Every structure is written in structure tokens, then in C-alpha cells.
Amino acid sequence: MGPHWIKRSSQRFGRLETRAMPVSPPFLANLPMQMSEANGVSSKAPTTCVLNLPSNFAVALLAGFFLTGTLACAEQPHVVDELLGKVISVADGDTVTVLVNKEQLRVRLEGIDAPESNQSFGARAKQALSGLVFGKTVTVKKIGTDRFGRTLGVIMVGDIDANAKMIEDGWAWHYKQYNKEYRLAQLEDAARKAKRGLWADPSPLAPWEFRARQRTPRPVPESSDETPLTFWLNVSSGVRHNSTCEHFGQTKRGRSCGPDEGRPCGKCGG
Ligand SMILES: [Zn+2]
């Protein structure tokens, strides 16, 4: 564990010492439940787990080290390296290239998932990330390497956490499958409520869902012989999508249709 972890520990431990709480049900028996709360993205901050600890100093000391270590991992990914470099290109809303010691480092922003380039809001998300980091000297807090060989990390521009900012501004989703940080879940909730960025769309398609659809062939919509398969009508909204649209063949209620039916989709042009 690096200095980062140690710093967190001492902060947490300071809190433990100052808050002497009454002993609640047997401490060890409580642990599994508290852990799962911390791991899942619940409505409560994981730090509340600490408050249930017994006041006995020796037990608190042990529990403090044990719990803090586990919670630190559950909340925030462990930083293995910090790299200083300049962002020389932005591929999309969650991937950039950073020049570090004259070498190009492909960095996938950890904990977030932004719309793909060929997806709705993909271009806007890329613009948003460019505005935050392009041409700037940044610190990459490296978490690890993904299966494509990209560095997984958090990009800091001064004090600004670009990963978190993308979620906060509504240009990326919290990537809950791989990241359990409560603060990121909260930022997404707030962005959704405020309808910021891609949340202006009442039912935006998650990027992982979009990718899954790209991988599997689309269901062939039922059709009659005289209707070409090139358009799809959402019979609930009356919106018509063309075959390149992410909603083609995907709406809850719909059918194939001709080029004159319904009104054209605002994204694909119908
Ligand atoms: Zn469409």
C-alpha cells in the first residue's frame, strides 16, 4: 500500500478516536452486512460504517486498520503510480493520449463510461473531455491496465478530477460494473436529476448497452413484402428511425415502416 492509503488511514483513524460510540451488536457479526453496504452503491455513505464501532480502544484500533483498509479499497481504487504528462489527443469521452517522458500513453479514464463516438452524445462527450484536458499538463493516477493494454487512471488537471467532472456534467455514466465509488454514483444521480448533458434525453442508451448491441446482430423486424426494412416506426411516440439509428428495431413497441410514416427522429433523421 502506498502513501495515499496511509494518509487515508490516518484520517479515518483520527475520526475513530474522536467518536466514542456505544457498543452496538457484536462487532464481528455486523461486518459482512456493513461490507456489502459499502460495496454496493447504496444511499448511505460508506463512512457511516465506521460509526458503529465499539469504543474500546484496543478493539477500535484493530478494527480501524482492518475496516479502513477494506473500505478504502471498496470506495476508491488503489493508485499504483502517478504520471505527469501532456494530453495530446482525445479519442472520445473516456479515452485520451498523454505524452509522458516523450512516450505516448493511451489512458482509459477509470470509473466512467462515455457514449461511443458513433453513438448519440458521443461527439458532445468528446468535446467536453477535450475542453477539460486537451493540451493541458495533467497527472494520471494510474489504477492499472485494462485488457486492451490501456492505462486505467484518473486524470487530474490541477485540483480537478476530470473523470468525476465528466460524470458531474452529464457527459459520462458512472461505470458501476467496474467501479463502486459512492461519490461517483452521487454525481451521476445529481446530473440525471438536473438533466445535464446526455441526461437531457429521457432514456439515453448506456454505452455498454450500445456496444453489446453492436456486437450482436439486430433482430429482424417483421415486415410485409411491400414495406422495405429500411425504416423503423416507434408506434408509441410516432418517431421514425432509419437503419443506422441505435433505436432501429429496438423500441419497446414498433414495426418496420416506409419513409413517409411517422415523423423523423431528431438524431438519425428518420
Ligand atoms: Zn433515430
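Analyst: Two strands pair if DSSP finds at least two bridges between them. Strands are DSSP runs of E, at least two residues long, and helices are runs of H or I, at least four long; both are numbered from the N terminus. This is a predicted model: local features need pLDDT of at least 70, side-chain atom pairs need 80 or more, and totals for chains, interfaces and linings use all residues. Residues are numbered from 1 along each chain as its sequence is written.

Strand 5 and strand 6 run antiparallel, joined by six bridges. Here Lys-141 faces Val-154 of strand 6. The two strands make a hairpin, with five residues between them. In that turn, Gly-149 has a positive phi of about 80°.

Strand 3 and strand 6 are parallel, with three bridges. Arg-108 has Leu-152 of strand 6 as its bridge partner.

Next comes strand 7, residues 160-161, which is antiparallel to strand 6 and joined to it by two bridges. Met-156 stands opposite Asp-161 of strand 7. These strands also form a hairpin, with two residues between them. Gly-158 takes a positive phi near 60° there.

How much of strand 6 is buried? Five of its seven residues are buried, so the strand is mostly covered (buried means 20 or more other C-beta atoms within 10 Å of a residue's own, with C-beta atoms placed from the backbone).

Key: A residue is buried if 20 or more other C-beta atoms lie within 10 Å of its own, exposed if 12 or fewer, and partly exposed in between; C-beta atoms are placed from the backbone.
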